[in-house]
Amino acid sequence: MNPRQDLLELTPAALMALANPGFVKRAQKDLAAGVAPALDIDASGTVTATYDDGCIARLPVGCTLRDAKCSCTASAMCRHRVTLVLAWQARAAAAAPSPANHADAAVPVAAPAASWSPAQFDLPALAAALPPGVMDQAERLRQDAPVITVHPWAGEDSPPSAQLPMCSVRFFARGSIAHARCDCRQGGNCAHVVLAVLAFAQAERLGPLQAPHTLQLRSADTASDAASGWDAAAQALHADIDALLLSLWLDGGAQPLIAVAARIQALRTRAQAQGWCWIDDALAELRHLLQARQARSTRFAPLALLDLVVGLWARLQSAAQLACQAAPALPAAQVLGIGVNGEVALDRLRLVSLGAALWRDEREEGASVLWADPDTQSVTVMARQWPLEAQAPARIGERRVAGHPLRQLAASQVITQRATRSANGTINVAAQRQHTGLLPLSPRAWDELGAPLRHPDPAALAAHLARQPPAFTQPRVAAAGIAGGAPAAFHVVQVDALQAAHVGWDPVTQTLHAELVARDGQGTGLRLLHPHRAAAPDAVDVLARVLDGHYGALRAVAGNVHLQGGALVMQPTALLTDTQAVVPQVHPPVAPLPVPAIDAAGSTPLLDTLEQLALLLQQGLRHQHGGGWERVQEQAHRLQLAGYRQTAAQLRELHAAMGPAQRPALLQRVSVLTLLMQDLSG
């Protein structure tokens with residue numbers, strides 16, 4: 001066996017994660033041109049590389065690339081360290097026997113890599129290999145019983161990984177814990193790596209790990225997953241949040257914010273004391289939505305308020321049920337967000353833009369820039385807001401974010417050494433140029449993104465969405481609500497095989513509609529919708545130009561997407577053509593393109609019912625008079641004619657449920673009805 005087998009396991013993708021793509025490509029180019037260092041290895045296993053420029057790099061056993069020594073002037077990572085690894089791999093490949101010289105050419109010289117698990121790293125070995133204090137810090141974090149999702153080895157290109165509440169850990173070499181990569185500020189050799197190893201060990205005690213598995217990491221003295229905190233205080237908080245939600249249904253979301261603001265803040269304080277991060281986050285969003293509605297902001301959408309209120313009720317209900325089960329299918333702590341606290345400082349980070357969404361109200365305007373992390377395939381959001389300038393209003397695309405114009409930032413790749421990320425995926429990047437740099441977003445920038453973020457075609461995306469568990473059981477994600485409608489998953493989808501058809505303007509809803517269909521007429525298509533927004537008045541014209549081929553052939557689209565009646569519906573935030581990236585909401589103004597007016601007959605009894613429920617939530621059930629209840633009965637009749645008899649009956653019974661005797665069950669009745677409508681409409 002090679003004395004440094006750990007270096008042979010580092011694939012180019014692993015080196016890109018441990019160093020950066022630029023160093024890897026430069027090293028590959030040098031080696032291909034025959035510019036290789038002289039290599040030597042001593043008795044301790046330290047590999048020394050001597051370069052023609054006089055630099056010397058050394059990589060001892062158990063040392064990370066970051067901590068390796070190099071005599072060059074680089075203050076952090078350098079190309080010499082990366083070249084050392086690739087040169088060592090090239091030397092091993094040259095020394096291996098060729099198939100032509102093998103006794104039996106039909107037998108491969110090297111067997112395919114076998115599957116492995118980080119559970120093989122034992123704690124004494126970790127304690128000896130990691131810096132002092134790391135094991136103690138890991139034990140303190142372990143006491144919080146964090147929820148961790150472990151992903152088993154699935155090939156050389158899919159190494160084992162673990163998703164912790166605030167960071168991700170990937171294991172690139174089975175022979176060395178030093179090559180485990182964490183996206184926290186330390187980058188590796190940290191307490192998160194230890195927690196990931198413990199999570200793999202706990203998961204494999206239940207049997208061989210064949211698929212991703214979510215678990216609540218138990219402390220050494222804990223015998224069960226009962227650390228969900230569902231005690232008397234939790235039950236009281238659950239009841240008080242339900243009381244708040246019932247009051248919203250009764251009195252409406254249009255009531256003055258002062259009537260509920262103090263109540264929401266008191267509940268947030270109690271949720272924080274319980275460690276319920278996702279409940280606290282939902283309550284904070286509830287306050288922001290009510291405030292946006294009062295300020296007549298484009299951030300507010302009736303369906304978004306409906307989804308939030310019902311989702312908060314369902315999250316608490318499911319957590320209460322899971323906490324009472326001896327062997328829950330999902331830890332209640334994941335539903336509540338226990339162990340997910342504060343912000344985490346990130347290591348060197350490369351982010352790829354997925355576009356931007358703008359908003360405006362009577363006093364302020366703002367932007368949300370979306371980023372993909374190619375290492376973890378996660379989506380983060382950078383949010384900014386500014387007061388409106390009455391005298392000389394600046395175009396929002398020219399405002400500066402992280403030291404750069406918003407228009408430039410939203411169509412770029414960012415490389416930063418100073419960033420922090422919060423639990424729901426909002427990110428803050430340092431504005432100093434010495435810490436943050438930009439690269440243009442090329443037409444191939446999204447090619448390195450993969451599942452579950454990017455999908456090769458609409459059919460694969462539709463299948464992925466159909467398999468997803470209910471959103472109220474999953475961590476809350478800021479990117480889900482940036483489109484200004486009901487929250488939807490954010491994805492990237494390839495559309496090379498599609499062409500734009502039936503592009504039209506709906507004057508009633510002020511929305512551009514476009515159907516992307518397969519050129520051969522077969523397969524799943526994609527429906528794009530983009531409403532006119534005062535904050536981005538030129539976005540619709542820009543999108544129409546993209547669909548008309550003005551910027552080249554369309555390759556991929558990013559945006560919030562959901563299933564509606566089995567069809568994929570997306571509101572795009574960015575599009576890639578074969579010549580450039582286009583972010584409609586911050587793109588420079590273009591000449592309007594004539595688009596035919598259409599009658600977008602997309603309304604269905606199910607969608608109309610959801611809109612009716614959203615209207616009831618805004619106005620308040622208590623304030624519905626004869627005309628309002630007549631419209632409810634008419635909608636129930638439409639459901640009846642469409643064949644939804646049980647849901648029609650539940651809708652009819654809402655008025656009767658207003659009586660004092662049935663009032664306690666009203667919240668459950670209207671929430672279950674809404675969830676049923678959402679499920680059927682998908």
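Here is a short walk through the structure, from the whole chain down to one glycine.

The model is a predicted one, in which local features need a pLDDT of at least 70, side-chain atom pairs count only at pLDDT 80 or more, and totals for chains, interfaces and linings use all residues. Residues are numbered from 1 along each chain as its sequence is written, and side-chain values use heavy atoms, with hydrogens and water left out.

Let's begin with confidence. The pLDDT, the predictor's confidence in each residue from 0 to 100, averages 86 over the chain, and 93% of the residues score at least 70.

Now for the overall build. The chain contains 19 helices and 27 strands, taken as DSSP runs numbered from the N terminus (helices are H or I, at least four residues; strands are E, at least two). Its radius of gyration is 28 Å, close to the 26 Å that the globule rule gives for 682 residues, so the chain is as compact as a globular protein of that length. That radius is taken over C-alpha atoms, and the rule is 2.2 Å times the number of residues to the power 0.38. Along the principal axes, the C-alpha trace spans about 90 × 65 × 60 Å. Among contacts with a separation of 6 or more, 66% link residues 24 or more positions apart.

Next, look at an open sheet of three strands, ordered S10-S17-S18 with antiparallel pairing. Two strands pair if DSSP finds at least two bridges between them. Strand S10 (343–346) and strand S18 (427–429) are the edges, each pairing on one side only. Strand S17 (residues 419–422) is joined to S18 by three bridges, and Ala419 has Val429 in S18 as its bridge partner.

Finally, turn to Gly253, which sits in the loop between helix H8 (232–251) and helix H9 (261–274). Is this glycine buried or exposed? Gly253 counts as buried because its relative accessibility is 5%, where buried means under 20% relative accessible area, exposed over 50%, and partly exposed in between (1.4 Å probe, protein chains only). Leaving aside residues up to four places away in sequence, Gly253 touches Leu248, Leu290, Arg293, Leu305, Leu617 and Gln618.

Methods: Contact means heavy atoms within 4.5 Å.
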